[in-house]
Amino acid sequence: MKRALVPILLFILLVPFVSPVSAQAGGIITSDRITVVRGDYSTGTLHLTNGGGRSYRVVSLRSVWVEDRNGNVVSGFNVTFDPRVFSDWGPGETILVSYNVSCSPNVSAGNYTLHLRFLASTAGGSLYILFAKVPLTVLPTPLKFGPADAYVAERPGSPYVFNGERIVVTSHIINIGHRTVPVNASVSFELNGKPYFQTSREIRVVPGDRLVTFIVPVGYDFPEGRYVLHYALSYPGGSYVYSRAFDVRFGVRLVGISVRSNEVRLNGENEAYLTVLSERGIGLNLTVVTYRGNEPVASYTKGISLGSGTDVITVPLVTNVSGNLSALIRLSFGNRTIGEGRVNYSVVAPPVLENVTYETKENGEVTFSVVILNPSDSSVVGTLQYRIYTEDKVLYRDSVRRELPPGTSHLRITFRVPVGKEIYYRFVLIAGGSMGSSTGELYIRSPQTTTTSTTSPTPTTPTSSTGTTTTAGSGGGSSGGGWVVVAVIVIVLLAVAAWYYLNGGEKKRKKRVRPKPRRRSPLGRFKRPKKPDFKEGNGLPKK
């Protein structure tokens, strides 16, 4: 080590007194660049390659200066290198030199060239001047803003965002200086110039690389449309702005609505079908409000769950109310309506045989009161068929056709029937494509004056109506005068038989006298016991 230091010291001392033999402007090659912030400093390492084609025993850095693009020397820089002297530098070899470049705040930002001049000596004693040029960039500010990026957190890469999802905004800030720099960052999410979300904060960027992240929540109350995301970074030395457009969708769309039947009977079955296209899994509210005219008659709300794809939702419709009905069907999420539609249908309510009652008199007269209810809004033509009969024959059989107005109608029909016999009746109403019947029986006793009975096959709903009275004197299978004559003859025969039985028959009858029972002594039933019979032996037993 001591042997190497001696030539170096001698070279340094003798150089001022020795004239160089030649100079090589391109003797040193480097591809490095130096960047420094105005008013700050920069440190690093330069890679210097010997491109002169010869070996140098000792190389010494003699001078350093900075020139602008016009070749003018610029002051305000302070440059130091380490090491400044090195030895045994062969052709193509690379050495590392550490640097520290300070820049005055008065230096203008721009591109400069750092010039290095070396004095090199060979082993044979030849001297050479070597030059190196290093690009030098002066930055006005210490921050470098990297490109920003924005994406949907739940579905990265999607060009649109669903309500309820989030947008993530990120960017890198590189602080090449040596002090912390405050930066103002802001984010806004706007539709047609109206911000639906905006926030800002101050970020203190320390030297090095800093990742900045913002979260933009897209609420369920955001209307659908094309939004613009604005992201901005600013500080006294510069700014950065980034924008990107996003389509906001709810992700559920009501494609169509249909009804199973345009006309249905009262209390029948009818349904509406909703075709829904969903791009996400979500729970919605289904609301159905049924109107008759402008008056709501029924409503209900229930929750439904949708999956990704096409769903067909079956909606039961109200049919217990007659008339022309319309159902408003709405899909909603909270207070937000996703889609709605209306279906119209008619509920036809045929007239019904609501009640049949009768009143009887002892002379065989019976009056039936028939109550017919028409629950629809319009008149309906109906036919009432009746049949009055006994066990062996039909007394009356006919039909009445009439127009039934909305509400309740009353119909009274009077018959004469035999007294003292079971009478059966059957009423059938055919109207509006349906049929209803009421059956029963009655019995008229002569001693009684009036008997009233009621048959109620269906519930009674009293309303205003009109009624008619009809007296039936004859029917399809018998006449009123014939059975009266037969009844009189039977009564006369019964009276004669009764008189004969009470007067003539009593004389011939003998009075039957029951004989007195004989008394018997209980002794006659007693049997005396027999005397015992003792058999005597013929002597002692034989020996």
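Me: Which side chains meet Arg-330 or Glu-340 in a salt bridge, and what is the N to O distance?
Reply: Those two meet each other: the side chains of Arg-330 and Glu-340 form a salt bridge at 3.1 Å, N to O. Here a salt bridge is a side-chain nitrogen of Lys or Arg within 4 Å of a carboxyl oxygen of Asp or Glu. Arg-330 is in strand S26 (residues 323–333) and Glu-340 in strand S27 (residues 336–348), so the pair ties together parts that are ten residues apart in sequence. Bear in mind that this is a predicted model, where local features need pLDDT of at least 70, side-chain atom pairs count only at pLDDT 80 or more, and totals for chains, interfaces and linings use all residues. Residues are numbered from 1 along each chain as its sequence is written, and side-chain values use heavy atoms, with hydrogens and water left out.

Me: How are strands and helices assigned, and how many of each are there?
Reply: They are DSSP runs numbered from the N terminus, with helices being H or I of at least four residues and strands E of at least two. The chain comes to two helices and 36 strands.

Me: How many salt bridges does the count come to?
Reply: Eight salt bridges. Among them, Arg-166 pairs with Glu-154, with the closest N and O atoms 3.3 Å apart. Arg-166 is in strand S14 and Glu-154 in the loop between S12 (149–152) and S13, twelve residues apart. Another is Arg-249 with Glu-279, at 3.6 Å from N to O. Arg-249 lies in strand S19 (residues 238–249) and Glu-279 in the loop between S22 (271–278) and S23 (282–292), so this pair ties together parts that are 30 residues apart in sequence.

Me: Which residues are linked in a network of salt bridges?
Reply: Lys-361, Glu-365 and Arg-416.

Me: New topic, Asn-163. Where is its place?
Reply: Asn-163 is in the loop between strand S13 (160–162) and strand S14 (166–175). Asn-163 is buried, with a relative accessible area of 0%.

Me: What is Asn-163 in contact with, leaving aside neighbours within four places in sequence?
Reply: Its contacts (heavy atoms within 4.5 Å) include Tyr-220, Phe-222, Phe-250 and Arg-336. Arg-249 from the salt bridge with Glu-279 is also on the contact list of Asn-163.

Me: Last one: what share of the chain is buried?
Reply: Buried residues make up 36% of the 543 residues. Of the contacts with a separation of 6 or more, 68% come from residues 24 or more positions apart.

Methods
Buried < 20%, exposed > 50% of the residue type's maximum accessible area, 1.4 Å probe, protein only.
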